Amino acid sequence: AVALSVVGLDFGLLTAMGAYLVQTGSFSLSSSMVALPVGVLIALILIMNEFPDWKGDSMAGKRTLVVRLGRKRAAVVVCMLFGLTGGLLLVNVVAGWIAPWGLIAFLAAPFAIHACRIALRSHDDIPALVPANISVIQSHTYGNAWLVVAAIATVWPIVGLLLGAVLLVRQAMVMGQLVLLGKAALPGGG
């Protein structure tokens with residue numbers, strides 16, 4: 001849990017705060033709040049990576065989140081953290097720290113939903129969890145990419161829309177591949 005917090009802080013909050021400080025010479029609550037969803041998503045990648053190591057970590061005395069909670073409850077926590085990420089995004093938009101365009105980051109939600117469905121259903125089946133692990137990584141990748149598109153669209157709407165169209169097509173292709181991978185991971189191939 002400590003490692004998750006440190007990674008979430010390092011790759012989310014502290015990175016954004018540091019970048020803001022270097023560019024402006026001051027700290028900002030808004031830059032910190034905008035970074036929180038990114039930090040939660042990166043921590044989710046680590047949590048999903050703990051599932052395959054559950055038995056070995058448990059035997060070695062490692063007290064990872066998945067070992068402490070068990071795989072079933074850890075899968076629920078994964079889904080709750082995805083919900084927290086969405087809630088943080090909404091708070092940022094409502095507070096005006098992210099422009100309304102930022103709501104397009106919810107277009108990455110299918111990856112989160114896909115990861116949750118698999119994690120809740122197959123938390124004890126490590127090979128079946130592979131598509132969930134990939135979906136968590138993709139939710140981070142595409143969620144952040146949509147935030148970049150939102151920032152661009154705020155300044156240059158036409159460029160943002162064009163980039164968004166390209167990103168949407170690419171995301172649909174990746175999501176299709178993940179769905180097929182998930183079906184192949186099920187007993188009997190789907």
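Modeller: Fine. Asparagine 92 lies in helix H5. Keep in mind that this is a predicted model.

Colleague: Is asparagine 92 buried or exposed?

Modeller: Buried, because its relative accessible area is 0%, and the cut-off for buried is under 20%.

Colleague: What does the side chain of asparagine 92 reach?

Modeller: The backbone nitrogen of valine 34, at 3.3 Å.

Colleague: And which residues does asparagine 92 touch, not counting those up to four places away in sequence?

Modeller: Met33, Val34, Pro37, Trp97 and Ile98.

Colleague: Stepping back, how many helices and strands are there in the protein?

Modeller: Eight helices and zero strands. Along the sequence the pattern reads α-α-α-α-α-α-α-α.

Colleague: What share of the residues counts as buried?

Modeller: 42% of the 190 residues. The accessible surface is about 10000 Å², and carbon and sulfur atoms make up 73% of that.

Colleague: What part of the contacts with a separation of 6 or more comes from residues 24 or more positions apart?

Modeller: 64% of them.

Colleague: Now the core. Which residues touch the most other members of the largest nonpolar core?

Modeller: That core has 24 residues, and the ones with the most contacts to other members are Leu44, Met48, Phe51, Val78, Phe82, Leu129 and Val136. Two or more residues each come from helix H2 (29-50), helix H4 (65-69), helix H5 (71-94), helix H6 (109-122) and helix H7 (126-155).

Colleague: Which element gives the largest share of this core?

Modeller: H2, with seven residues.

Colleague: Take methionine 48. What is it in contact with, leaving aside neighbours within four places in sequence?

Modeller: Methionine 48 contacts Val78, Leu129, Ala132, Asn133 and Val136. There is also a second, separate core of 13 residues, with Val93, Ala108, Phe111 and Tyr142 among them.

Colleague: Changing topic to charges. How many salt bridges are there?

Modeller: Two. In one of them, aspartate 57 pairs with lysine 62, with 3.8 Å between the closest N and O atoms.

Colleague: Where does aspartate 57 lie, and is it buried or exposed?

Modeller: Aspartate 57 is in helix H3, residues 54-60. It counts as buried because its relative accessible area is 10%. Lysine 62 is partly exposed, since its relative accessible area is 48%.

Colleague: What else is aspartate 57 in contact with, leaving aside neighbours within four places in sequence?

Modeller: Besides Lys62, aspartate 57 contacts Thr64 and Val67.

Colleague: And which side chains meet in a salt bridge at 3.1 Å?

Modeller: Aspartate 124 and arginine 71, N to O. Aspartate 124 sits in the loop between H6 and H7 and arginine 71 in helix H5, so this pair ties together parts 53 residues apart in sequence. Arginine 71 counts as buried because its relative accessibility is 16%.

Colleague: Are cysteine 79 and cysteine 116 buried or exposed?

Modeller: Cysteine 79 is buried, because its relative accessibility is 18%. Cysteine 116 is buried too, at 12% relative accessibility.

Note on methods. Residues are numbered from 1 along each chain as its sequence is written. This is a predicted model: local features need pLDDT of at least 70, side-chain atom pairs count only at pLDDT 80 or more; totals for chains, interfaces and linings use all residues. Side-chain values use heavy atoms; hydrogens and water are left out. Buried means under 20% relative accessible area, exposed over 50%, partly exposed in between (1.4 Å probe, protein chains only). A nonpolar core is a set of buried Ala, Val, Leu, Ile, Met, Phe, Trp, Tyr and Cys residues joined through side-chain atoms within 4.5 Å. Helices (H or I, at least four residues) and strands (E, at least two) are DSSP runs, numbered from the N terminus. Contact means heavy atoms within 4.5 Å. A polar contact is a pair of N or O atoms within 3.5 Å; within protein, one must be able to donate a hydrogen and the other to accept it, and residues adjacent in sequence count only if both atoms are side-chain atoms. Accessible areas come from the Shrake-Rupley method with a 1.4 Å probe; for residues, only the protein chains shown count as cover. A salt bridge is a side-chain nitrogen of Lys or Arg within 4 Å of a carboxyl oxygen of Asp or Glu.
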